[in-house]
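Let's take a walk through this structure together, one stop after another. Have the viewer open beside the text, and turn the view as we go.

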Amino acid sequence: MKRPFAELSGTGSYAPPRVMTNDEFSKILDTSDQWIRERTGIRERRVSSKDESNACMGKAAALQVLEQNGLTPLDVDAIVYATASPDRLLPSAACDLQAILGAKNAAAFDVGAACSGFVYALNVAEGLIASEQGERVLVVAAEKLTSIMDWTDRTTAVLFGDGAGATLVRRSAGARGILASYMKSDGTLAELLYRPGGGAAHPPSEELLKDHSYYIKMAGREVFKAAVLSMADACDHALQRAGLAAGDVDLLIPHQANIRIIEATAKHAGVPMDKVYVNVDRFGNTSAASIAIALDEAVKTGRLVPGMTVMFVAFGAGFTWASMVVKW
Ligand code: UT7
């Protein structure tokens, strides 16, 4: 087995205290708890308040990671921030976090890979260490999706939630760390899951607010099919690159978009569901943050303990997809 170059050290997460149930959605949209549970596995999600910005949630998760590592914000060499819902379009969410954290010695930038963002960001962090840009790279994945989803569209509104997760990537001291990873994209399918307006091509206008093109649009069924195929592809490649078989995986942490996608991915990968971490029922789809939040929960509840082999697999807008095998 390859000796890992970089390891993930410490985990943190933040979930807004406000829990919104499916029944609450059925009061404002033509939907039902039964439909949402059966089609997605979601029972509830977290909704951030005005005071819980994307960067504030990221900060809460990041501070836990620094504390576990006995570090202060001044020890951070770089912040790699994965998000599809930054507090503003310029500058980056990473710079917002750098400021409120007081990480005065850190480079800071965002990774835009939607729901695959956390796994992409871990790869970038490993690369920064390999190119000797730093030794302690804070990887934060945070989303405030409830601010950019269309609350009048039942086909998307019921799916998303808010939250943040974080970890620190540093040079591996031993057998722990990243064993293999894989990243892929297909931008020709971008318009199956996107925000049509609000960027430089379609700057904010009255029209854009009226036609709701500022919000996330998704062709659910097509995205579902692509997600299942892509996550299967990603599992195969990561295992192959790590020189491992499905039976070597102690825990699979997939992107939490839909329980049916998670089950199909686990089946393809040959990992039984009792080795799959699921929290989509409690958080819905938190895009880039989903694997980071699940990872922190898995660690804090003892589902993931040192010595285990964990595999992350993600799929999202872009399309992007990615996977990573880590010796914990
Ligand atoms: O995060 C990464 C990317 N995102 C994903 O991976 C999500 C991928 N897609 C999905 O998870 C699923 O496609 C959805 C959960 C979005 C939809 O489930 P589906 O089984 O694919 O349903 P559908 O889109 O085929 O819609 C079936 C029916 C439609 O009605 P008709 O046309 O059959 O009359 C929809 O209008 O369900 C209707 N529908 C709803 N009904 C009640 C759609 N949303 C709702 C809703 N409540 N919230």
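This is a predicted model: local features need pLDDT of at least 70, side-chain atom pairs count only at pLDDT 80 or more; totals for chains, interfaces and linings use all residues.

Let's begin with two helices, H3 (residues 54-68) and H4 (residues 93-101). Their axes lie 9 Å apart and the helices pack at an angle of about 60°. H3 is therefore oblique to H4, and the crossing of the two is right-handed. On the H3 side, the contact is made by Ala55, Cys56, Gly58, Lys59, Ala62 and Leu63, while H4 contributes Asp96, Leu97, Ile100 and Leu101. Sorted by class, this contact of H3 with H4 holds seven nonpolar residues, one polar residue and two charged residues.

Helix H8 (residues 220-242) packs with helix H9 (residues 259-269) at an angle of about 35°, and their axes are 9 Å apart. Here, too, H8 passes H9 in a right-handed crossing. From H8, the residues Phe224, Ala227, Val228, Met231, Ala232, Cys235 and Asp236 meet Arg260, Ile261, Ala264, Thr265, His268 and Ala269 of H9. By class, that contact of H8 with H9 comprises nine nonpolar, two polar and two charged residues.

Asn69 sits in the loop between H3 and strand S4 (78-82). Its relative accessibility is 17%, so Asn69 counts as buried. Which partners does the side chain of Asn69 find? It reaches the backbone oxygen of Val65 at 2.9 Å, and a polar contact of 3.3 Å links the side chains of Asn69 and Arg170. Leaving out residues up to four places away in sequence, Asn69 touches Ser9, Gly10, Leu168 and Arg170. From Asn69 to Thr11 is 58 residues in sequence, yet 9.6 Å in space, C-alpha to C-alpha.

Gly10 also leads us to Thr167, whose side chain reaches the backbone oxygen of Gly10 at 2.6 Å. Thr167 belongs to strand S7 (residues 162-171), and because its relative accessibility is 0%, it counts as buried. Beyond four places in sequence, the residues that Thr167 touches include Leu8, Ser9, Val65, Phe118 and Val139.

A further threonine, Thr156, is in helix H6 (residues 154-157). With 1% relative accessibility, Thr156 counts as buried. Its side chain makes a polar contact of 3.0 Å with the side chain of Asp153. Setting aside neighbours within four places in sequence, Thr156 is in contact with Asp150, Ile216 and Met218.

Finally, let's look at the backbone itself. Where is the cis peptide bond with omega of about -5°? It joins Leu90 and Pro91, and Pro91 is in the loop between S4 and H4. Another cis peptide bond, with omega of about -10°, joins Gly318 and Phe319; Phe319 is in the loop between strand S12 (309-316) and strand S13 (320-327).

Glu132, though not a glycine, has a positive phi of about 60°. Glu132 is placed in the loop between helix H5 (117-130) and strand S6 (136-144), and it is exposed, with a relative accessible area of 67%. His212, likewise not a glycine, has a positive phi of about 60°. The loop between helix H7 (206-210) and strand S10 (217-218) holds His212, which at 23% relative accessibility counts as partly exposed.

Technical notes:
Residues are numbered from 1 along each chain as its sequence is written. Side-chain values use heavy atoms; hydrogens and water are left out. Axes are lines fitted to C-alpha atoms, for helices over the stretch in contact, and angles run from 0 to 180 degrees between N-to-C directions. Helices (H or I, at least four residues) and strands (E, at least two) are DSSP runs, numbered from the N terminus. Angles under 35 degrees count as roughly parallel, over 145 as roughly antiparallel, 65 to 115 as roughly perpendicular and the rest as oblique. A crossing is left-handed if the near helix is turned anticlockwise from the far one by less than a right angle, and right-handed if clockwise. Contact means heavy atoms within 4.5 Å. Ala, Val, Leu, Ile, Met, Phe, Trp, Tyr, Cys and Pro count as nonpolar, Asp, Glu, Lys and Arg as charged, and the others, Gly among them, as polar. Buried means under 20% relative accessible area, exposed over 50%, partly exposed in between (1.4 Å probe, protein chains only). A polar contact is a pair of N or O atoms within 3.5 Å; within protein, one must be able to donate a hydrogen and the other to accept it, and residues adjacent in sequence count only if both atoms are side-chain atoms.
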